[in-house]
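Here is a friendly briefing to read alongside a protein model. Please keep the sequence and the 3D view open as you go.

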Amino acid sequence: MLRTKELTKTVNSQGQGLTILSDVSLTVNEQDTVAIVGVSGSGKSTLLSLLAGLDLPTSGEVHLAEEPLHQLDEDQRAAVRSQHVGFVFQSFHLLPGLSALENVMLPIELKEQKRAKERATELLEKVGLKERLQHYPNQLSGGEQQRVAIARAFASEPKILFADEPTGNLDSENGDKISDLLFDLNKQLGTTLVLVTHDNRLAERCQRIVRLEGGKVVADEASKAVLDKTAEL
C-alpha cells in the first residue's frame, strides 16, 4: 500500500540547507496500522505530508497504491489522494458553512458516488451523531467535531487513512472515544491506517510503531499489544 526508499527532505533555513528527514525507508502493507512517534521537531508531520503526497521530497521515492508520488505534479498527486486517501487532523478542518451531514457528504459527491446522503447519514449514526446531522461545526463540541471529521475521512471508502494527532485537541475521555471510533471503523472497513501521535496509548493500539529522532528512523517494531498477543498464542 505504501513504500518509501531513502526519503529525504531538506529546506532552506537562513541561507543554509536544513535536513528535516534523512534516508527514511518504510513499507506499509494493506490493512496495517502504523504509528509514527517522536519528540517535536523529529520530522513526524513532514513524513506524513510526504507519505500522503501533500509535499514532495528533496530526494528519494514514495509509492502510494503503486503510484510514484515523487514523480507526479500537484494535480496528479491530488487525483491519487482523491481516489485512495482519507485524512483526520488535530484541528478537525470541517467547513464551517456546512452542516455535519453536508461535511460528510462532500467527499462522496466529489467522487461522484451515489447515495451520498444515505451513506453520510449511516456514518454519522455509526459515530454516535444521529441527533446532530443538521448541526454546524460551531454548534458541536470538540469531540463531536472530531467524530464528524472521522466520518468524513471514511466517507469515500479510502484505501489508506492518514491521521495527524487525531486526539491532540481533546481531553482524555473524548480522546479515548475517538481512538475507539478510529480503530473500530478502520477494522470494519479494512482501511490501512498511518497516524502521527504523541499519545503513547494511541500508538500502542497500532500494530507497528515507527520512531523518529532527528529526521531518521531509529526504531520500527511491533507494538507491545501485538507482542503480548503473540506471546499468548
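This is a predicted model: local features need pLDDT of at least 70, side-chain atom pairs count only at pLDDT 80 or more; totals for chains, interfaces and linings use all residues.

Residues are numbered from 1 along each chain as its sequence is written, and side-chain values use heavy atoms, with hydrogens and water left out.

**The whole protein**

- The protein has 8 helices and 10 strands; helices (H or I, at least four residues) and strands (E, at least two) are DSSP runs, numbered from the N terminus.
- With 233 residues, a compact globule would have a radius of gyration near 17 Å, and the 18 Å of the protein agrees with that. This radius is taken over C-alpha atoms, and the globule rule is 2.2 Å times the number of residues to the power 0.38.
- Along the principal axes, the C-alpha atoms fill a box of roughly 50 × 45 × 35 Å.
- Of the 233 residues, 49% count as buried. Buried means under 20% relative accessible area, exposed means over 50%, and partly exposed is in between (1.4 Å probe, protein chains only).
- Among contacts between residues at least 6 apart in sequence, 65% join residues at least 24 apart; a contact means heavy atoms within 4.5 Å.
- The accessible surface comes to about 11,800 Å², and 45% of this belongs to carbon and sulfur atoms. Such areas come from the Shrake-Rupley method with a 1.4 Å probe, and for residues only the protein chains shown count as cover.
- There are 26 positive and 34 negative side chains, and the centres of the two sets lie 2 Å apart. Lys and Arg count as positive and Asp and Glu as negative, while His and the chain ends are not counted. The place of a charge is taken as NZ of Lys, CZ of Arg, CG of Asp or CD of Glu.

**Helices and their buried sides**

- An α-helix has 3.6 residues a turn, so residues three or four places apart point the same way.
- Helix α1 covers residues 44-51, and its buried residues are Lys44, Leu47, Leu48, Leu50 and Leu51. Seen down the axis of α1, they fall within an arc of 165°, so they line one face of the helix. The arc is that of the directions from the helix axis to the C-beta atoms.
- Just after α1, Gly53 takes a positive phi of about 75°.
- In helix α2 (residues 74-84), the buried residues are Arg77, Val80, Arg81 and His84. They fall within an arc of 100° seen down the axis of α2, so they too line one face of their helix.
- Helix α4 (residues 116-126) has Ala116, Arg119, Ala120, Thr121, Leu123 and Leu124 buried. The cover over these residues includes α3, α5 (142-155) and α6 (172-189).

**Two loop residues with positive phi**

- Phe92 is found in the loop between β6 and α3 (100-110). Phe92 has a positive phi of about 75° although it is not a glycine, and it is buried, with a relative accessible area of 10%.
- His93 lies in the loop between β6 and α3. His93 is not a glycine either, yet has a positive phi of about 55°; with a relative accessible area of 45%, His93 is partly exposed.

- Ser22 sits in strand β2 (residues 16-28) and counts as buried at 16% relative accessibility. Leaving aside neighbours within four places in sequence, Ser22 is in contact with Leu7, Thr8, Gly215 and Lys216. Ser22 and Gly60 are 38 residues apart in sequence and 9.4 Å apart in space, C-alpha to C-alpha.
- Val210 belongs to strand β9 (residues 208-213) and is buried, at 1% relative accessibility. Not counting residues up to four places away in sequence, Val210 touches several residues, including Leu26, Val34, Ile36 and Val217.
- Ser179 is in helix α6 and, at 5% relative accessibility, is buried. Beyond residues up to four places away in sequence, Ser179 touches Thr167, Leu202 and Arg205. The C-alpha atoms of Ser179 and Arg201 are separated by 9.4 Å, with the two residues 22 apart along the chain.
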